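Please open the model in your viewer and keep the selection panel at hand. The stops below go from aromatic rings to helices.

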Amino acid sequence: MPRPLVLGNGQMLINFDSSLNIRDLYFPYVGQLNHVGGHYCSFGIWADGRFAWCYDKNWEKTIGYKHESLVSDVRARHDKLEIELHINDAVHFTDNIYLKRMTVKNKAAKKREMRIFFTHDFSIDESEVGDTAVYNPEIPAIYHYKRNRYFLANGRADGQLIYEFATGIKRFGGAEGTWRDAEDGRLANNPIAQGSVDSTISFRMFLDAGEEKTLYYWLVVGRNYQEVRDLDKYVVDRTPARLLERIETYMANWVNKQDTHFANLPQNVVDQYKRSLLITSTQIDRNMGAIIAANDSDIIQFNRDHYSYMWPRDGALVAMAAIQAGYPELVTQFFYFCENSITDKGFLLHKYNPDGSVGSSWHPWVEHERAQLPIQEDETALVICALWKYYQKQKNLNFVQFCYRGFVKPAADFMMNYIDDELELPLPSYDLWEERRGVFTYTAATVYAAFQAASRFADILGEEEKCHTYAEAARKLHKAIMTHLFDKDLGRFIRGYLVKPDGTLQKDTTLESSLWALFAFDVLEPDDNRLINTMEAIEKGLWVKTEVGGIARYTDDYYFQKSREIEKVPGNPWIICTLWLAQWHIAKAKTTEDLEQAVELLSWADRWSLSSGVLSEQLHPYNGSPVSVAPLTWSHATYVATVGAYLKKYEELTDITCQW
């Protein structure tokens, strides 16, 4: 399931599995549409009459990225074929060009001919119906097309053009695909196929004993034939070697543009921070501004749906991390997306597709014969909070005035009207985990922060009455949180109240990691005893007591549950929840020594990343393998946010300036 290599530029996103197959190719939106859809675009090598695909079990691989870039750095060895490979993959930072450099070393004690094959299993616009694959000798290259989607594959091996090619039928009428034709080292040179089709191209090299030579392969994507032909010519004219150098230079400059001083953080944490920034950027669509949760299509096998949606909650928290890190330009379009998505009642719905349309949902409009709003109120609240962070960084009043009128005001007014008259807490909505409906401490904390931010917006825009109205709403909500959501008997805050079938509320004291929101959104100061007791209970009660460690979401978390030893394993450890604990240690630190636990937790997250540094959603509690999707944008953004919080606190405790 995990995708250890992700490459993208905000319009084209390519994911590789651990065998180095391309498993996902999204275009023209990040997360929409997937033209590979979990099938396989692979490579294979033929030598001395023997053949091995990249997923052959005899390959020994190390998978990673080059330093401070998303240019892959892959080493592979096949002892039976006596071959070593060094591979670099990259996607151009502006143009929709994917490049591969493969250096092939002949480990045999004799001169040999080698043939390298690349397969293309596209289902254009997520359908195998009506595709065409064609070889065009004018270029010469293979391209696939349907309507306004074109995919062109080409390359050079030691300066030589494509050696052989094949197009044909796949997964229909008993045909497996042209990849099968490659296994004897030859291709049939069939020039065109239509319907459910694939293609394969090959390159040929002759290597002396111990010699190594370089092959370049590229795939360009566009909306018409002329566009992909121009991109192909651009690669040939500029040369793929020079383009790879430019990509690597650009990424290193981008990720270091803030010239941040990383204080006493260990190098592995700094490297993971920069890698997380780069990976986060690939999950943000530059067309509409959607910040996508994850694009690992293998999750489809579990519930016939995926994570390639924009949840406004995830998006807002990712946006805040990017803003804090000094990359507000990454997320400007996100706010326009939200402004365009808000309903006429003033709330955001569950989730959205990258093109701005409403995504699938399991939140009903009616339950137990009572009408309800199918919302998670924190998603609306957090966008206001993120907008305030954006203004603090950018000080762009024109932008803020537009967003205030189009989003902040209607959203804040909705939330003011969505208050229980008796409890003065928000009315029921779904929790941040999308599993239960009720009145939750976490949600109340985000709404409180949104009221505070809305009041500040109104103040700077001269809306005095609204400023006081929102500030008073925040004051009342704060009082209600302290009155109804703090349990004196337990000495800590509770998760909240669940809605029973008859519509009444039932107290839910489940230990819950998202109570992190109480200090993250300034409901309480870190030295407040009520907060201290709550966070200490989380640290003790939700820590996974295995060699893996980490913090579970809540007690007896059932999502992908791997253990019923609840006392030992309250749930699978989540990256974000563990980093929330790190943020707690940062928030309450009085000395630099107090920050050491946060560094340990940052190192913990890095230690349990994939070899490439990709962070998953959650981990297996006994072996640390990734569970659910990888990468999860929220995990990487939380890593960025936690390092940012660390540096800010380090500045406060020392005379050293760390941040921009």
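Select Phe43 and Phe118 to begin with: both are buried, where buried means under 20% relative accessible area, exposed means over 50% and partly exposed lies in between, with a 1.4 Å probe and protein chains only. The model is a predicted one, in which local features need pLDDT of at least 70 and side-chain atom pairs count only at pLDDT 80 or more, while totals for chains, interfaces and linings use all residues. Residues are numbered from 1 along each chain as its sequence is written, and side-chain values use heavy atoms, with hydrogens and water left out.

Rings of Phe, Tyr and Trp (its six-membered ring) are paired if their centres lie within 6.5 Å, and the planes count as stacked under 30 degrees, edge-to-face over 60 and tilted for the rest; by this rule there are 42 aromatic pairs. The rings of Phe43 and Phe118 have centres 6.3 Å apart and planes at 45°, so this pair is tilted. Phe43 belongs to strand S5 (residues 43-47) and Phe118 to strand S11 (residues 112-120), 75 residues apart, so that the pair links distant parts of the chain; strands are DSSP runs of E with at least two residues, helices are runs of H or I with at least four, and both are numbered from the N terminus.

Next, select Trp53 and Trp179, an edge-to-face pair with 6.3 Å from centre to centre and 65° between the planes. Trp53 is in strand S6 (residues 50-53), whereas Trp179 is in the loop between strand S15 (164-169) and strand S16 (192-195), so the pair ties together parts 126 residues apart in sequence. Trp53 counts as buried because its relative accessibility is 6%, whereas Trp179, at 23%, counts as partly exposed.

Move on to helix H6 (residues 332-341), which is largely enclosed by the rest of the structure because 7 of its 10 residues are buried. Among the elements that cover these buried residues are helix H5 (312-325), helix H7 (377-394) and helix H8 (397-417).

Finally, show helix H9 (residues 441-460) with helix H10 (residues 464-484), which pack at an angle of about 160° with axes 8 Å apart; the axes are lines fitted to C-alpha atoms, for helices over the stretch in contact (heavy atoms within 4.5 Å), and angles run from 0 to 180 degrees between N-to-C directions. Residues of H9 that meet H10 include Tyr448 and Phe451, and those of H10 that meet H9 include Tyr470 and Leu477.
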